[in-house]
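Dear colleague,

I am handing over the structure below, and after it you will find an account of what came out of going through it. Please read the account with the structure open beside it.

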Amino acid sequence: MIATPADVTVYIRRFDVQDVGLVASWLRARSALEQFSARGEAATEEDLLTLIRQIENDSLRGAYILESPSGDIMAFSAGQVEWPFEHVYESEIMLSPELPIRQGWGTFLHGAALANVFLRRPEVFKVVGRSMSTNVGAARVMRKLGLTYEGTLRSHVRRADGFVDLDIFSILRSEWDEKAPSSPRVVLLDAER
């Protein structure tokens, strides 16, 4: 794994069958269950295979793998636009648990995921990110990237230990365009969409 995100190019490709086992293993980790599971259990490999089938048949959805130049998988990103708000993309990202913490990887890879959305989807005017209120690191990263805190959906996520608030952040294309020169370099490996 790369030591720091400085001067790294991120390669982004569609999420595919060969990625299912690895991403499913990430989602089984306790930290992932606390931050990504609204139903209190990990997404299964079958859930991820269903996601692949959905994105093949629905141009409003997307799921991507973010890789290092050496082919190490660093993050998984998924999102969608929903009718009638097809100019708004709701995005989620999960970093590899193997990445070192507090070295800038969260900001770097979230920035790459945002660039991926704005580069692939010219119709998108706004990207929305959500984080459980217990995930202060995700909120800090979103603020660093220029996302605006829009509010909190109170007791929105049901977990085994009770209900958790969900914080909503967003960034407009015009705001992202202002920051684009300082964003990470991104190579879209399959930009035929």
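His110 is a buried residue, because its relative accessible area is 19% and the cut-off for buried is under 20%. Please keep in mind here and throughout that the model is a predicted one. His110 belongs to helix H4, which covers residues 105–120, and, once its neighbours within four places in sequence are set aside, its contacts are with Ile93, Leu95, Val141 and Leu145.

As for the chain as a whole, the protein chain holds six helices and eight strands, and read from the N terminus these elements follow the order β-α-α-α-β-β-β-α-β-α-β-β-α-β. The protein chain has 193 residues, of which 46% count as buried.

The strands come next. Eight strands make up an open sheet with mixed pairing, in the order S6-S7-S5-S4-S3-S2-S1-S8. The edges are taken by strand S6 (148–159) and by S8, and each of these has a single partner strand, so that one side of each is without a neighbour in the sheet. From one strand to the next, the twist averages 30°.

Going through some of the pairs, strand S1 (residues 9–14) runs parallel to strand S8 (residues 185–188), and the two are joined by four bridges; within this pair, Ile12 is found opposite Leu188 of S8. S1 is also joined by four bridges to strand S2 (residues 61–67), this time in the antiparallel sense, and here Arg13 has Ile65 in S2 as its bridge partner. S3 and S4 are antiparallel and are joined by eight bridges, and they form a hairpin in which two residues lie between the strands. Gln80 has Glu90 in S4 as its bridge partner, while Glu90 in turn stands opposite Val128 in S5.

The crossing in which H1 passes H3 is right-handed. On the H1 side the residues that take part are Val20, Gly21, Val23, Ala24 and Leu27, and they meet Glu45, Leu48, Leu49 and Ile52 in H3. By kind, the residues of this contact of H1 with H3 comprise seven nonpolar, one polar and one charged.

Two places in the backbone deserve a look of their own. Most residues other than glycine have a negative phi, and most peptide bonds are trans. Trp83 and Pro84, however, are joined by a cis peptide bond, with omega at about 5°, and Pro84 is placed in the loop between S3 and S4. The other place is Ser155, which is not a glycine and yet has a positive phi of about 45°. Ser155 is found in strand S6, and with a relative accessibility of 43% it counts as partly exposed.

Finally, is Ser59 buried or exposed? Ser59 is exposed, because its relative accessible area is 53% and the cut-off for exposed is over 50%; Ser59 sits in the loop between H3 and S2. Between Ser59 and Gln80 there are 21 residues of separation in sequence, and the C-alpha to C-alpha distance is 8.7 Å. Gln80 is also the residue that has Glu90 in S4 as its bridge partner.

With kind regards

Notes: Residues numbered from 1 in each chain as written. Predicted model: local features only at pLDDT ≥ 70, side-chain atom pairs only at ≥ 80, totals over all residues. Heavy atoms only, no water. Pairing = 2+ DSSP bridges. Buried < 20%, exposed > 50% of the residue type's maximum accessible area, 1.4 Å probe, protein only. Contact = heavy atoms within 4.5 Å. Left-handed = near helix turned anticlockwise from the far one by under 90°. Nonpolar A, V, L, I, M, F, W, Y, C, P; charged D, E, K, R; others polar. Axes fitted to C-alpha atoms, helices over the stretch in contact; angles between N-to-C directions.
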